[in-house]
Amino acid sequence: MSGPAHRVQSAVEEYGYPQGHLGHLNAEQEAALQNFKVKCAEEGYYKPASTESAQDSHDDATLLRYLRARRFVVLDAWKQFKDTEDWRKANQIDQLYETIDLEHYEETRRLYPQWTGRRDRRGIPVYVYEVKHLNSKTMSAYEKSAVTTKTKAEFEGTTSPKMLRLFALYENLVRFVMPLCTALTDRENPRTPITQSNNIVDISGVGLKQFWNLRSHMQDASTLATAHYPETLDRIFIIGAPAFFPTVWGWIKKWFDPITTSKIFILSSHDMKKTLESFIDPVNIPKKYGGQLDYEFGQLPALDPAVQEIVQWEGDKKDFLHGPIYWMPKNENTELEAIAVGTVEEKQRREGVCVIKAPLLKEDPPAQNGNAVAPVPPHTDLPPPEQPPKVLAPELLEAETVPGTPANESAASPQLSKAPPSTQVPQEPTTLVAATEKLALDEKQAGALPNGGAHNTLAANKLDLAVNTAA
């Protein structure tokens, strides 16, 4: 494969799906996950399954998002995880999603990326976003409406109301869309949970002034999403770029963190169709972008036919209800039930929509946390480690680290002192483990990880800009 599609694929092969996801962890990453659980449990932010609760407070797929975001550096992942959990509690994010007014939710949904109801060739959901709708008049009206958002949640005040509404949509992504896509096993890695999304961002018809007016909004949205919903983005395909776009890209990319910019690919009109088809079947690409799908931005999802094959609708329902929905385990975790929530005229809605078979074993139930995705089977497709893990002294986890180091920085990798060997892997996260003597527990050791290199595709983006300029 060559051309833009090859550049996009090459850019993520080092550290993209399914690498770093359940079922595709190397020995160091497995050990980092174990150590991360230990750290979070010690600090009171994670509770493993016990006799009191059959479920972990957070599932492995959720925890791995934080580890991937921080290159499997345990202490850095812990800091981001703690900050997010504190932020969720301070802003009552679960309560926001549970009780937001349906009209306010829909008003927000129409202005932001929307799930088409379809997936790419790997099973990852495809979203579409038409930026031209975010004009100054619309945004002004939206900001006024957001101040009076109807919900029972109480906010701590540092996050703007319009951003909190946006995060209700992120909750829909991680609590409804991703678990549903995980349950659809007609994909290459059916036992690996889906925890990311693809976005087709259409910037046709957007002028220079509109870009400038949106700068603070886009930057705030990206910053908060990266901080509190890490690793939920797989790729962004930007299409419809105006002639002046290469000129403004230099300052637009500063709105995003380096990892996010590495996932953004600018497609010329010449390359759009063939590139999108390399990653998405034409039947799942909207007709507007050269595909066969009858879908227009603003409408509700055009559900993948595969969904109908796994759902059992409740009552006379034949489709998912509009508004906030999430999945809850039932029948001893053998099934998942879609629950529609939100409020209508200040009356709480809680209505069962459908049931699907849980795509996992009974012994590995889904987590109850707001970030949870549908559960996954035990790591049976992982090859056994070449040698038994070794126990690390707990004080190694407390080493000083530099939080938030940009992903494109490089670091030296000092040796860890040899730890006494362990004859077996702990069954519960009570002991720190390492698969090798070079497991990175802090940023100074990040270079030891196979995936600890730079996560950027500067060369690929330059090539895409060149193609776009020539188009």
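**Contacts and helix packing in a predicted model**

Colleague: Of the contacts between residues at least 6 apart in sequence, what share join residues at least 24 apart?

Modeller: In the protein chain that share is 77%. Contact here means heavy atoms within 4.5 Å.

Colleague: What sort of model is it, and what goes into the values?

Modeller: It is a predicted model, where local features need pLDDT of at least 70 and side-chain atom pairs count only at pLDDT 80 or more, while totals for chains, interfaces and linings use all residues. Residues are numbered from 1 along each chain as its sequence is written, and side-chain values use heavy atoms, with hydrogens and water left out.

Colleague: How many helices and strands does the chain have?

Modeller: There are 15 helices and 13 strands.

Colleague: At what angle do α8 and α10 pack?

Modeller: About 50°, with the axes of α8 (residues 161-183) and α10 (residues 215-228) 11 Å apart. That angle makes α8 oblique to α10. The classes are roughly parallel under 35 degrees, roughly antiparallel over 145, roughly perpendicular from 65 to 115, and oblique for the rest. Axes are lines fitted to C-alpha atoms, for helices over the stretch in contact, and angles run from 0 to 180 degrees between N-to-C directions.

Colleague: Which residues make that contact?

Modeller: From α8, Lys162, Met163, Leu166, Phe167 and Tyr170; from α10, His217, Asp220, Ala221, Leu224 and Ala225. By class, the contact of α8 with α10 has seven nonpolar, one polar and two charged residues. Nonpolar covers Ala, Val, Leu, Ile, Met, Phe, Trp, Tyr, Cys and Pro, charged covers Asp, Glu, Lys and Arg, and the others, Gly among them, count as polar.

Colleague: What does Leu224 touch?

Modeller: Leaving out residues up to four places away in sequence, Leu224 touches Thr159, Met163, Phe167 and Tyr229. Leu224 and Phe167 are 57 residues apart in sequence, but their C-alpha atoms are 9.1 Å apart in space.

Colleague: And at what angle do α4 and α10 cross?

Modeller: Roughly 110°, and the axes of α4 (residues 74-91) and α10 come within 8 Å. The two helices are therefore roughly perpendicular to each other. Gln80, Asp83, Thr84 and Trp87 of α4 meet Thr226, Ala227 and His228 of α10. That contact of α4 with α10 has two nonpolar, four polar and one charged residues.

Colleague: Is Thr84 buried or exposed?

Modeller: Thr84 counts as buried, at 0% relative accessibility. Buried means under 20% relative accessible area, exposed over 50%, and partly exposed in between, with a 1.4 Å probe and protein chains only. Beyond residues up to four places away in sequence, Thr84 touches Tyr66, Ala227 and His228.

Colleague: Changing topic, how many disulfides?

Modeller: The count is zero, taking a disulfide as a pair of cysteine sulfur atoms within 2.5 Å. Cys40 is buried at 1% relative accessibility, and Cys354 is buried at 0%.

Colleague: Cis or trans from Tyr17 to Pro18?

Modeller: That peptide bond is cis, with omega near 5°. Pro18 lies in the loop between α1 (4-13) and α2 (27-42).

Methods: Helix = DSSP H or I, 4+ residues; strand = E, 2+ residues; numbered from the N terminus.
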